[in-house]
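Welcome, and thanks for taking a look at this one with us. Here is a short briefing on a helix pair and some charged contacts.

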Amino acid sequence: MNKRLLSLDVLRGADIFFLVGLQPVLLNVLLALDIDFLNNTLLYQLDHARWEGFRLWDLVMPLFLFMSGVTMPFSLPKYLELNGDRSLWQRVIKRFIILYALGILVQGNILALDPKAIYLYSNTLQAIAVGYLLTVPLTIYLKPKWQIVSIIVLLIIYTIPMTLFGDWSPQGNFGCKVDKLILGRFRDMTTIDTDGNIVFCPWFDYTYIWSSLTFCCTVAMGSLCGTFIKARKDDGSKTTLTLLIIGISLVIFGLIWGQFQPIIKRLWTGSMTLFSGGFCIILLAIFYWWIDIKGHNKNIEWLQVYGCNAIIAYIMGEKINFRSIPNSLLYGLEQYCGAAWYEAILTFFNSAIIFLILYILYKNKKFIKI
């Protein structure tokens, strides 16, 4: 099977829609309603877990990384066959550099034009870039069984120093120590005081450098799933069932491992990698069966609008504020609906404008690929 997976475009679109469309609007609506039951259920799920645990919002980033891996078995071997090893790696390095640079643009504070304020490794796009770079050799040089072995080895390598040379606390873990040592001033949320000393933000507890090993595991799991789908020889039912069984098994195993190594998204722990990866596989199986196998492709174009220009949608959602447009048109409405509802209205129009731009690009077949 070598045709493009429509289900992957739709799943990617659903992830992007949740990130730049639904969550911002729903979050502001729930804040405006301020109902305890909704705050403790829906609103709770629309934010990251503070430390241990896992919420719906914590699945957005792993799904991004996972889907970047699913496409690799469809694109890389074909490109390698047509253009050779050297050309392939030139393309891989180029994609890595662009994604990494866009990550600095989105969250690395480079637009401040102040070298003292730049952060080097702090964003989802950079995690995708690193995970992609590390997964490429696994995809093109190793058979699936050795890819599985590689994932296990990476999880072990990640776990040993995390267990021996730190704890699982926000500031006492090994990954945090590595980031502080290597990134130093260029770690996210880090400043320089008046005496020239590095001041690390006490509440910032995301890790990236050591977590790159598990970023790779998430991308590699996506690559394995892509390889499995590409090689299917049945009508798709057995493939779907197998993916579901694998996904459910990983969720269960992640929960069991979580009793010894906590599920912490901010550290991208091994247990979180398997737990979130299991849900990613389950979602892929459901979308794959419904769209690619059963052919249910009606009323999904609006998700393709998001999915076919996912990087642009992400950057617009993260860096460009379109609220000035509805604010100019609706000026004065706040006094009648209140500040909270007015913010919800502005957020809705901000999301609508992003969709409109993506829709225009989609209809004109302008797909910006990296």
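**Helix packing and salt bridges**

In this predicted model, Ile-312, Ala-313, Met-316 and Gly-317 of α13 are in contact with Ile-354, Ile-357, Leu-358 and Leu-361 of α16. Sorted by class, that contact has 7 nonpolar residues, 1 polar residue and no charged ones. Elsewhere, charge pairing comes in: the structure contains 5 salt bridges.

**How the two helices pack**
- Helix α13 spans residues 310-319 and helix α16 spans residues 339-363; their axes come within 10 Å and cross at roughly 155°.
- That angle is over 145°, so α13 counts as roughly antiparallel to α16.
- The crossing of α13 past α16 is right-handed.

- Asp-9 and Arg-12 pair through their side chains, with an N to O distance of 3.0 Å.
- About one helical turn separates Asp-9 from Arg-12, because they sit 3 residues apart in helix α1 (residues 6-33).
- Asp-9 and Arg-12 are both buried.

- Arg-50 and Asp-205 form a salt bridge whose closest N and O atoms are 2.8 Å apart.
- Arg-50 is in the loop between α3 and α4, and Asp-205 in the loop between β2 and α9, so this pair ties together parts 155 residues apart in sequence.
- Arg-50 is partly exposed at 47% relative accessibility, whereas Asp-205 is buried at 2%.
- A salt-bridge network links Arg-50, Asp-205 and Arg-266.
- Arg-323 and Glu-343 also meet in a salt bridge, at 3.4 Å from N to O.
- Arg-323 lies in the loop between α13 and α14, 20 residues from Glu-343 in helix α16.

Methods: Residues numbered from 1 in each chain as written. Predicted model: local features only at pLDDT ≥ 70, side-chain atom pairs only at ≥ 80, totals over all residues. Heavy atoms only, no water. Axes fitted to C-alpha atoms, helices over the stretch in contact; angles between N-to-C directions. Helix = DSSP H or I, 4+ residues; strand = E, 2+ residues; numbered from the N terminus. Parallel < 35°, antiparallel > 145°, perpendicular 65-115°, else oblique. Left-handed = near helix turned anticlockwise from the far one by under 90°. Contact = heavy atoms within 4.5 Å. Nonpolar A, V, L, I, M, F, W, Y, C, P; charged D, E, K, R; others polar. Salt bridge = Lys/Arg side-chain N within 4 Å of Asp/Glu carboxyl O. Buried < 20%, exposed > 50% of the residue type's maximum accessible area, 1.4 Å probe, protein only.
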